[in-house]
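Have a look at the chain first, then try each task before reading its solution.

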Amino acid sequence: MGVVLAVTVAAVSGCSSSSNDDAKPAAKAKTVSLGAATTKFQAAVEKFDTDGGCLEQEPGTCWKQMQALMGPVRTLRTAMHADKGTGPEFWSGAYVLINKMEDGIAVGEDKGATAFGTNRPAVLGSAHELSRWLDAHPAK
């Protein structure tokens with residue numbers, strides 16, 4: 001029993017006779033340009049509007065639209081972080097709006113238009129504010 005336990009502990013702790021010299025390095029994350037990320041995000045906001053927005057009042061009826069805005073805004077945030085031409089101070093207003101969107105989506109569902117604690121303004125309203133902010137603050 002003691003030998004089995006020792007072998008199990010050695011295997012779990014990472015002690016083994018095989019070498020990890022053949023391990024491949026982790027792939028570097030693909031960075032999207034700031035311009036492309038901005039365009040993609042603003043196109044997602046425009047698509048939301050041209051598709052009719054979110055007219056239903058009931059909970060759950062706008063969850064897909066809310067999620068559709070989150071992918072492009074997360075890509076935008078990554079591009080903002082990678083941008084060397086401007087500093088975090090420049091992006092502070094955008095970060096506030098993105099954080100509001102993240103807080104709204106973190107609820108995990110669409111709470112509806114009239115529910116107490118609705119998260120639609122946090123996600124949908126902040127997306128529109130961010131789109132306007134990007135128009136008023138083009139990256140240099």
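Predicted model: local features only at pLDDT ≥ 70, side-chain atom pairs only at ≥ 80, totals over all residues.

Residues are numbered from 1 along each chain as its sequence is written, and side-chain values use heavy atoms, with hydrogens and water left out.

**Exercise 1.** Work out how many helices and strands the chain has.

Solution. You get five helices and zero strands. Reading along the sequence then gives α-α-α-α-α.

**Exercise 2.** Find which residues touch the most other members of the largest nonpolar core.

Solution. A nonpolar core joins buried (under 20% relative accessible area, 1.4 Å probe, protein chains only) Ala, Val, Leu, Ile, Met, Phe, Trp, Tyr and Cys residues through side-chain atoms within 4.5 Å. The largest one holds 29 residues, and the answer is Phe41, Leu76, Met80, Trp91 and Leu130. Next, see who supplies this core: H2 (34-50), H3 (63-82), H4 (88-105) and H5 (120-136) each give at least two residues, with H3 providing the largest share, eight.

**Exercise 3.** Decide whether Thr86 is buried or exposed.

Solution. First locate Thr86, in the loop between H3 and H4. Its relative accessible area is 15%, so Thr86 is buried. Finally, look at its side chain: a polar contact (here, N or O atoms within 3.5 Å, one able to donate a hydrogen and the other to accept it) of 2.7 Å links Thr86 to the side chain of Trp91.

Note on methods
Buried < 20%, exposed > 50% of the residue type's maximum accessible area, 1.4 Å probe, protein only. Helix = DSSP H or I, 4+ residues; strand = E, 2+ residues; numbered from the N terminus.
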